[in-house]
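This report walks through side-chain pairings in one protein chain.

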Amino acid sequence: MQVLANLATGFIGLFQLGGQTFIGYFFSIADDGSISVGIVPTLICLMTCVNAIIAFVGQEKVEAFGRKCGKYTILRYTVLPVIAMFFFCNPMAYTMGRFLEEKYKPAFYDAAVSFCHPITGLFPHANAGEIFVYNGITAGLLTLGYKELGGIAVRYFIVGLIVILLRGIICERLTIRFMKREEAKNV
């Protein structure tokens, strides 16, 4: 009988833990009693703001800009991900892929997600949840006696641009190759 009670307690405890995790996405209470906002309210506000900006600017103009950037490889994997990460931040930035043709979406996502860390040195708001990566790099440099961290942030950003361009081009070519292979199978 006790075994069944323990199983039932463990079973419901699993769902209680899941519920606590879910509520943690909305807010959390620290040991000192202070309440902090979680990711869900932030994302709702960000999505509301982005949709308002798109409405003010005009859906057609925003889509035209996205499509224009999508036409040219270099813009598709540099300008579009940078603007997306700067204005929409992680993870909302990936929604800019909706303006691209289907065959370019995986490569855009790859470029945008690869830019999450390089942008944090100059613009920490873009990916504040993972600023620790940049801080870890700078902590190591400070330990070695390097004092010019602004230059490191600029170099990190530039190298990030080069990397996302290369990743975007490679991923695009692979995606197109796989899509053609899949089409050939279905014929």
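## Aromatic pairs

The structure holds 6 aromatic pairs. Rings of Phe, Tyr and Trp (its six-membered ring) pair if their centres lie within 6.5 Å; planes under 30 degrees apart are stacked, over 60 edge-to-face, and the rest tilted. One of the pairs joins Phe11 and Phe15: the ring centres are 5.0 Å apart and the planes meet at 65 degrees, so the pair is edge-to-face. Both residues lie in helix 1 (residues 2-24), and because they are 4 residues apart, about one helical turn separates them. Helices (H or I, at least four residues) and strands (E, at least two) are DSSP runs, numbered from the N terminus. Phe11 counts as exposed, at 54% relative accessibility. Exposed means over 50% relative accessible area, buried under 20%, and partly exposed in between (1.4 Å probe, protein chains only).

Phe86 and Phe123 form an edge-to-face pair, 4.9 Å centre to centre with 85 degrees between the planes. This pair links distant parts of the chain: Phe86 is in helix 4, Phe123 in the loop between helix 5 and helix 6 (131-143), 37 residues apart. Phe86 is partly exposed at 29% relative accessibility. Phe123 is partly exposed too, at 30%. Both rings belong to one aromatic cluster, formed by Phe86, Phe87, Phe115, Phe123 and Phe157.

## Model and confidence

This is a predicted model: local features need pLDDT of at least 70, side-chain atom pairs count only at pLDDT 80 or more, and totals for chains, interfaces and linings use all residues. Residues are numbered from 1 along each chain as its sequence is written, and side-chain values use heavy atoms, with hydrogens and water left out.

The mean pLDDT (the predictor's confidence in each residue, from 0 to 100) of the chain is 85. Of its residues, 98% reach 70 or more. Confidence is lowest in strand 1 (residues 27-29), at a mean of 75. It is highest in helix 5 (residues 105-114), at 95.

## Salt bridges

The structure holds 4 salt bridges. The criterion is a side-chain nitrogen of Lys or Arg within 4 Å of a carboxyl oxygen of Asp or Glu. Glu172 forms one with Arg76, the closest N and O atoms being 2.9 Å apart. The partners are 96 residues apart, Glu172 in helix 7 (residues 149-185) and Arg76 in helix 4. Glu172 is buried at 11% relative accessibility. Arg76 is buried at 1%. The charged end of Arg76 also sits over the ring of Tyr104, 3.7 Å from its centre. That call requires NZ of Lys or CZ of Arg within 6 Å of the ring centre and within 35 degrees of the ring normal.

Asp110 and Arg167 meet in another salt bridge, at 2.7 Å from N to O. Asp110 lies in helix 5 and Arg167 in helix 7, so the pair ties together parts 57 residues apart in sequence. Asp110 is buried at 15% relative accessibility, whereas Arg167 is partly exposed at 39%. Glu101 and Lys103 also form a salt bridge, at 3.9 Å from N to O. Glu101 is partly exposed at 48%, and Lys103 is partly exposed at 29%.

## Thr78 in helix 4

Where does Thr78 lie? It is in helix 4 (residues 73-88). Thr78 is buried, with a relative accessible area of 14%. Its side chain reaches the backbone oxygen of Ile74 at 2.3 Å. Not counting residues up to four places away in sequence, Thr78 touches Leu161, Ile164 and Leu165. Contact here means heavy atoms within 4.5 Å.

Terms used: Polar contact = N/O pair within 3.5 Å; in protein donor to acceptor, adjacent residues only side chain to side chain.
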